[in-house]
Amino acid sequence: MTITEKISLRLQDQSGLRRRTDTIRTWALPILIVLVFVLASAFVPEFFKFETIRSILLLTSITGIVAVGMTAITLSGNLFSLGVTASAVFSGVIYIWVGQGTGNMFIAAAVAIVAAVVIGLIQGFIVGLGLNTVIVTLAAGSIIYGLTAILTKGEVVQAQGVSLEGFGTFQIFGIPLPIYIFVIFTAVAWFLTEHTLIGRNVHLLGSNKNTARSSGISPMGTTIWAFTAFSLSIGIAAVLQASQMHQIQADNLPGLTMDVVAAVLVGGTAVTGGDGSPIKSAIGALFIATITQVMVLMSIPEGQRYFVLGVVVVALVVVLHLLRKAGTR
Amino acid sequence: MSSVGAWFKTYLLQIIVLILVLVSMYGLNPNFHVESSIERLIPLGVIAAGLAVTMIAGEFDLSIASMAAFSGAVAVALSGLGLLVSVIIAIVVGILLGMLQGWAIAKLGINSLVFTVGTLILLRGMTWLVCNGLAIRVDDITATDMFKVKIGFLTSLSIAGLVVIIGLGIFLSRTRWGRELYALGGGRHEAIAAGVRYNRGMIVAFGISGGCGALGGALVSAKGGSADPSALGVMLVAALSAVLVGGISLAGGRGTMVSAFLGFAIIAMLSAGRAGLGTKAFVSELFIGLLLLVVVLFDYFLSFVSERDRRNKLRKLAAAAA
């Protein structure tokens, strides 16, 4: 056997290994969810019911939408945003205020989403200059939270005399609108990242910034696109949340940022960028919501639930990391 | 003289900001007390110091605030053994958990940002378990008295916190293991090639970070005599702001305990001044956010200018050579 033959055999071997680990990485979480579903249906009373599954999906939808949006940032190699909560609450407040003022929830939703996107664009621009996303979004989060609290005087913002809950409660075939929006948003995000130029650029920028820049991909432009997608998701999630609650306060949604980050990580998108997909993050969010709901039905107290969730997140993150490492060796 | 000059140059921006904050706070509120604000926020300083150590080593410990909450809960839950004993146990547990975390990160070769997001949730869950989901209190309320004895204007606990920060400063700048953390943060591959032990560095860095988180949380609990499972979450943002405003680089290898302390002092003055004025907590949140953004933008601008100067110089040299 000549050396070239040996090398080519070796490479084939490696690509085979890579394919195998990739397959495992892609299917591990869906299989796990199915497993949890089957086990819970068999052993947890009340689980296998339309209402339960609907509530799991409803729980998933808001975190899921933001997780899908966040994937764009993570994919582009910009880690993740730590300012989700503040932006979402701000945009929710705008929704209720504009709704109160105009009495039209569609105008309110449009203004709220535009507000979220504008905030996101500013952050995207600063990150695009080359500053660290974690710091910029943390700082922006503090500023936005402070502004929201000052504008609302720290009080509950409530819509009175107008009905703004339509987006949260409207149902088609007994399934609430947020679930449809979540599914559609994920599908559009998947199409954009996998089948368009912008999506490719986001992937390439995340894989290797220098190479991407040398091949004519603008880091600034691509980063701004990623932040646009992300802030759009925040705006949508905020409108849905505010519609559901019919009120909002500066201190609301304290856990949203970490839930979203956990969903992206558990889904299997690499923090280093370039490897991942919005669908993975959506599944990550679904998985977290499912085990949370199962534990709620088993009446496990909040403390234990949090603990189990932590164990699961750490375990999954480690396993996914090891698989990725094995695949690229 | 030149070393003093260099010292000032390094911390110039932070010192100017600190003076500006101090002057404006005194201007707004003549009754402003520097000592009491430092005293009240020493736990934040300790946590910021721990965060700084991992950042210098080029890593990141997002779990530090959860560690603080956990150890605060442990300290209160075990207070039957005597509060001092339980505080020491809590700190030892924190150090051990931190070392375990560092070991896992080194062994798995995993991004610490990712791993510590997981342990952030995990430690928070453990806190809930220890507290049984409720705020817990020390049975014997007088037990906290011994921590409130004042020496000068500082309580004994705060002095312990300050001693730890100074000790860390000496450790980082004067010992071999401390210098190795800088090497690992500044140029990881070069450091490992030169014989720095990566695993040991990670275990040391995260052990210190865990210990500092635990000490910070135990300080809060020991003073107040209670622990809340959902407390101290904001510590992460506050400590991170302090460290970054102090000028410690997220890229690793840059910054000292002096920078961490200056950053902490700025944040402490801001929040204390705000409290003295009687405005709500979110106002200081707004200012901390703005300050953080201004500092990183300023830092970016400085490096941009120096990079441009360097390029221009190279261009001139090249032109001269041609």
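In this predicted model, the two domains of chain B meet through a set of contacts: 8 residues of domain 1 of chain B touch 8 residues of domain 2 of chain B. On the side of domain 1 of chain B that faces this contact, helix H10 (235-245) and helix H11 (257-277) of chain B each supply at least two residues. The largest share, 4 residues, comes from H11(B). By type, the residues on that side of domain 1 of chain B are 4 nonpolar, 3 polar and 1 charged.

The domain assignment places domain 1 of chain B at residues 34-279 and domain 2 of chain B at residues 282-322. Taken over C-alpha atoms, the centres of these two domains of chain B are 30 Å apart.

How far can chain B be trusted? Its average pLDDT is 81, and 88% of its residues score at least 70. Within chain B, confidence is highest in helix H4 (residues 83-108), with a mean of 89, and lowest in strand E2 (residues 150-151), with a mean of 66. For the complex, the predictor reports an ipTM of 0.77 and a pTM of 0.82.

Chain A contains 13 helices and 4 strands. Its radius of gyration is 21 Å, close to the 20 Å that the globule rule gives for 329 residues, so chain A is as compact as a globular protein of that length. Along the principal axes, the C-alpha atoms of chain A fill a box of roughly 85 × 55 × 35 Å. Of the 329 residues in chain A, 50% are buried. Among contacts in chain A with a separation of 6 or more, 79% join residues 24 or more positions apart.

Notes: Residues numbered from 1 in each chain as written. Chains lettered and ligands numbered in written order. Predicted model: local features only at pLDDT ≥ 70, side-chain atom pairs only at ≥ 80, totals over all residues. Rg over C-alpha atoms; globule rule 2.2 N^0.38 Å. Buried ≥ 20, exposed ≤ 12 C-beta atoms within 10 Å, placed from the backbone. Contact = placed C-beta atoms within 7 Å. pLDDT = per-residue confidence, 0-100. Domains from an automatic or database assignment. Nonpolar A, V, L, I, M, F, W, Y, C, P; charged D, E, K, R; others polar.
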